[in-house]
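Dear colleague,

Please read the notes with the coordinates open beside you.

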Amino acid sequence: MKTSYMVVYTIIMVLVLAQQHVEVSAVTCSPAQLSPCVSAITSSTPPSKLCCSKIKEQRPCLCQYLKNPNLQKFINTPNARKVASTCGTPFPKC
């Protein structure tokens, strides 16, 4: 149990530290905006409505996140793809 909390905490910290603000189609790209999705990406927990809305909002930024080595290992995973699919957001082909 402590390990899973530590993983979630680490992911959130990486997202916050790697936060980049870049305007893309009137969307502010900020990996921290995906923090509601951490539990769904790191476990088999279904994504919340807030998570899905954040993924849809941040979709124009996903390729940028995938190119970031600090974020890539969390975003380019089977669980992240499953979360995107469950939310009805196609995973980008960058």
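Which cysteine does a disulfide join to Cys 29? In this predicted model, the partner is Cys 61, with an S to S distance of 2.0 Å. The torsion about that S-S bond is about -80°, so the disulfide is left-handed. Cys 29 sits in strand E2 (residues 27–29), while Cys 61 belongs to the loop between helix H3 (49–58) and helix H4 (62–67), so the bond ties together parts that are 32 residues apart in sequence. Cys 29 counts as buried at 0% relative accessibility, and Cys 61 is likewise buried, with a relative accessible area of 0%.

A disulfide is also formed by Cys 37 and Cys 51, whose sulfur atoms are 2.1 Å apart; here the torsion about the S-S bond is about 115°, so this disulfide is right-handed. Because Cys 37 lies in the loop between E2 and helix H2 (38–42) and Cys 51 in helix H3, the pair ties together parts that are 14 residues apart in sequence. Cys 37 and Cys 51 are both buried.

Helix H3 also holds Cys 52, which a disulfide joins to Cys 87 at an S to S distance of 2.0 Å. The torsion for Cys 52 and Cys 87 is about -70°, so the disulfide is left-handed. Cys 87 lies in the segment after helix H6 (78–86), 35 residues apart from Cys 52, so that the pair links distant parts of the chain, and both cysteines are buried.

Overall, the structure holds four disulfides, and numbering the bonded cysteines of the protein chain in sequence order gives the pairing 1-5, 2-3, 4-7, 6-8.

Key. Residues numbered from 1 in each chain as written. Predicted model: local features only at pLDDT ≥ 70, side-chain atom pairs only at ≥ 80, totals over all residues. Heavy atoms only, no water. Disulfide = S-S within 2.5 Å. Helix = DSSP H or I, 4+ residues; strand = E, 2+ residues; numbered from the N terminus. Buried < 20%, exposed > 50% of the residue type's maximum accessible area, 1.4 Å probe, protein only.
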